[in-house]
Amino acid sequence: QVQLVESGGGLVQPGGSLRLSCAASGSIFSMYVMGWYRQAPGKQRELVAGITSGGSTNYADSVKGRFTISRDNAKNTVDLQMNSLKPEDTAVYYCNARRVLLGGDIHYWGKGTLVTVSS
């Protein structure tokens, strides 16, 4: 099992930047595909970005070119650098750890951190 704690959310003006961080503990970090999800009010939770232990990344179309996910397997952390933020990026952002198993993936979630993009 893995525990996840997010930090770095807050209020930012449109066009600004924020960096979210997620610290993992309790298991072997490199065993997990890490990701950031978000959930806006009244909407379903959606994948923002993911990164494998080897560093392969994927992004939602809405954030490509603006957001960058990175991980440090030695420090057990995964970050999300968010640039050129838009009001539609406002959401609670959740750190996710996914262990890929033959019988079905196991997901672990942080409690989330709120990002508000507003002038």
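User: What makes Arg 19 count as buried, partly exposed or exposed?

Analyst: Arg 19 has a relative accessibility of 41%. Buried means under 20% relative accessible area, exposed means over 50%, and partly exposed is what lies in between, computed with a 1.4 Å probe and protein chains only. Arg 19 therefore counts as partly exposed. This is a predicted model, in which local features need pLDDT of at least 70 and side-chain atom pairs count only at pLDDT 80 or more, while totals for chains, interfaces and linings use all residues. Residues are numbered from 1 along each chain as its sequence is written, and side-chain values use heavy atoms, with hydrogens and water left out.

User: Where is Arg 19 found, and which residues does Arg 19 touch beyond those up to four places away in sequence?

Analyst: Arg 19 is found in strand S3, where strands are DSSP runs of E with at least two residues, helices are runs of H or I with at least four, and both are numbered from the N terminus. Contact means heavy atoms within 4.5 Å, and on that basis Arg 19 touches Ser 7, Gly 8, Ser 70, Asp 79, Leu 80 and Gln 81, once residues up to four places away in sequence are not counted. Arg 19 and Ile 69, which are 50 residues apart in sequence, are 9.8 Å apart in space from C-alpha to C-alpha.

User: How many helices and strands does the protein have?

Analyst: The protein has 0 helices and 11 strands.

User: How do you know that a disulfide joins Cys 22 to Cys 95?

Analyst: A disulfide is a pair of cysteine sulfur atoms within 2.5 Å, and the S to S distance between Cys 22 and Cys 95 is 2.1 Å. A search of the whole structure finds 1 disulfide. Cys 22 lies in strand S3 (residues 18-25) and Cys 95 in strand S9 (residues 91-99), so the pair ties together parts that are 73 residues apart in sequence.

User: Why is the disulfide of Cys 22 and Cys 95 called left-handed?

Analyst: The torsion about the S-S bond of Cys 22 and Cys 95 is about -85°, so the disulfide is called left-handed. Cys 22 is buried, with a relative accessible area of 2%, and Cys 95 also counts as buried, at 0% relative accessibility.

User: What is the phi of Asn 76, and what is the phi of Ser 84?

Analyst: Most residues other than glycine have a negative phi. Asn 76 has a positive phi, near 60°, and is found in the loop between strand S7 (67-72) and strand S8 (77-82). Ser 84 has a positive phi near 50° and lies in the loop between S8 and S9. Asn 76 counts as partly exposed at 21% relative accessibility, and Ser 84 is partly exposed with a relative accessible area of 40%.

User: Why does the radius of gyration of the protein agree with that of a compact globule?

Analyst: The radius of gyration is taken over C-alpha atoms, and the globule rule is 2.2 Å times the number of residues to the power 0.38. With 119 residues, a compact globule would have a radius near 14 Å, and the protein has 14 Å, so the two agree. The C-alpha atoms fill a box of roughly 45 × 30 × 25 Å along the principal axes, and buried residues make up 39% of the 119 residues.
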